[in-house]
Amino acid sequence: MNRAWLLVSFLTATVGENPRHPPLVQLDPIRRGHVRTLNLASDRVHKMETLNIYPPVFGIEDFLEDWECDHIIQLAKDSGLNPSATESDIDLPSNNQEDDMEFDAAATWDEWNSNGDEYLDSEEIIESMSDISDAAMTPDDVASMFEELDLDWNKDAMLDFEEFAASDASAVDRFVKRFRRKKPWLKRRYSAHTWLQQSMVSDPVLRSLRKRVEKTTQLPKIIIERSEPLQVVHYTARGHNHGHHDSHPVSAAPDCCHRHVTSHCRLCRYMTLLYYLNDVSGGGETAFPAVNRTYDEVEFSHNGLWNLSAHCDTGLVVKPRKGFALVWYNHQIHENGEIGELIGESFHGGCDVLSGEKWIANNWIAIDHTWGYDEAINQHQDIGRRHSTHVDL
Ligand code: OGA
Ligand code: FE2
């Protein structure tokens, strides 16, 4: 990818005179394999390597020391982990009279029948189910659903419109819920997690981590301080987190928030710093299947590249290593340092853990317009004017 093009693509049009938060900066990836040094510790230098250009992805070996990783895992265990849910944890429409949601067979048929022929085949059912019910079924699972709910009268392994319209949607809903309980590894995200506060009064390791994040990202301290707590995630065998974006597109809402989440605001996770807290004996890679191509939501839903249990070999694939930090940008920035559009190609996820377990921590650097950044903006205004939005260390 051409560097001149890249600069232009990052520096999208200025939206206003002043950003509504202290101006952000974005590290220039320069080229794949480029190494810069970071002075994060008094006794040694860290090396930050460019792993990808667009979106910019970097890797830092030994960002955390072994004992620090162990310590963070212990803090997470002490706080208690809960099964992770996804945004798509919703019920299926039902034709049951008691339910307020109507099952509109014709409309649903049109939505599900992506190739527009006379039948819903197993592939179309798998794709639709995964979109609405967070269950990545296999063709065998669809066959047992047909059998158990007596959906496929003529046993041709497909549903025609008559069979589909006669199906009891609430029975399908119950089947899917039971299926997800029995086979949790078929969910989009199969893990458990907890959140650890990183405030001034919190644990010394987490405090020192925050300083390292500030030096690495070169972002204003106040942005780091007002970001989300650290999310610690635990995966057991078959655990994964299928392809997703960590942040929301601008079209979702004008305001960014994470402190008071409402339907009028969106998550604006400008950057992700992901730390591997242990060595995984098999699998558990982090994959970015959309790099080196253009991310298109519909295409990715069809081609199945979101399903990292099936595809963990496309784009950038990073092996977990204890203490390694994977750092990337989820958003572009405007020329004035304001957070810009979501980078579609930052689509990523965690592949299946094949053996052993996997621990990671997500350090999301997020903007929240509800904080009231006025003072911080005044302090930063001069810097913002003088500063290029690109920095090289
Ligand atoms: C996440 C995530 C990737 C991984 O938790 O949001 O993308 O490798 N995880 O576990
Ligand atoms: Fe993620």
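**Getting to know the chain**

Colleague: Buried or exposed: which is His 348?
Modeller: His 348 has 4% relative accessibility. Buried means under 20% relative accessible area, exposed over 50% and partly exposed in between, using a 1.4 Å probe and protein chains only. So His 348 counts as buried.

Colleague: What kind of model is this?
Modeller: Residues are numbered from 1 along each chain as its sequence is written, chains are lettered from A and ligands numbered from 1 in the order in which they are written, and side-chain values use heavy atoms, with hydrogens and water left out. Local features need pLDDT of at least 70, side-chain atom pairs count only at pLDDT 80 or more, and totals for chains, interfaces and linings use all residues, as this is a predicted model.

Colleague: Which residues are the protein donors of the iron ion (ligand 2)?
Modeller: Donors are N, O and S atoms within 2.8 Å of the metal (3.2 Å for Na, K and Ca), and water is not among the atoms, so sites may look incomplete. Here the donor atoms are NE2, OD and NE2, lying 2.1 to 2.2 Å from the iron ion. They belong to His 244, Asp 246 and His 348.

Colleague: How many residues apart in sequence are the parts tied together by His 244 and His 348?
Modeller: Strands are DSSP runs of E with at least two residues, helices runs of H or I with at least four, and both are numbered from the N terminus. His 244 lies in strand β12 (residues 240-244) and His 348 in strand β22 (residues 348-350). The pair therefore ties together parts whose separation in sequence is 104 residues.

Colleague: How are α5 and α7 oriented to each other?
Modeller: Helix α5 (residues 139-148) and helix α7 (residues 169-182) pack at about 135 degrees, with axes 11 Å apart. Axes are lines fitted to C-alpha atoms, for helices over the stretch in contact, and angles run from 0 to 180 degrees between N-to-C directions. Under 35 degrees is roughly parallel, over 145 roughly antiparallel, 65 to 115 roughly perpendicular and the rest oblique. So α5 and α7 are oblique.

Colleague: Which residues does Leu 316 touch, leaving out those up to four places away in sequence?
Modeller: Leu 316 sits in strand β18 (residues 316-318) and counts as buried at 12% relative accessibility. Contact means heavy atoms within 4.5 Å. Leu 316 touches Leu 51, Asn 52, Val 57, Thr 286, Ala 287, Phe 288 and Val 291.
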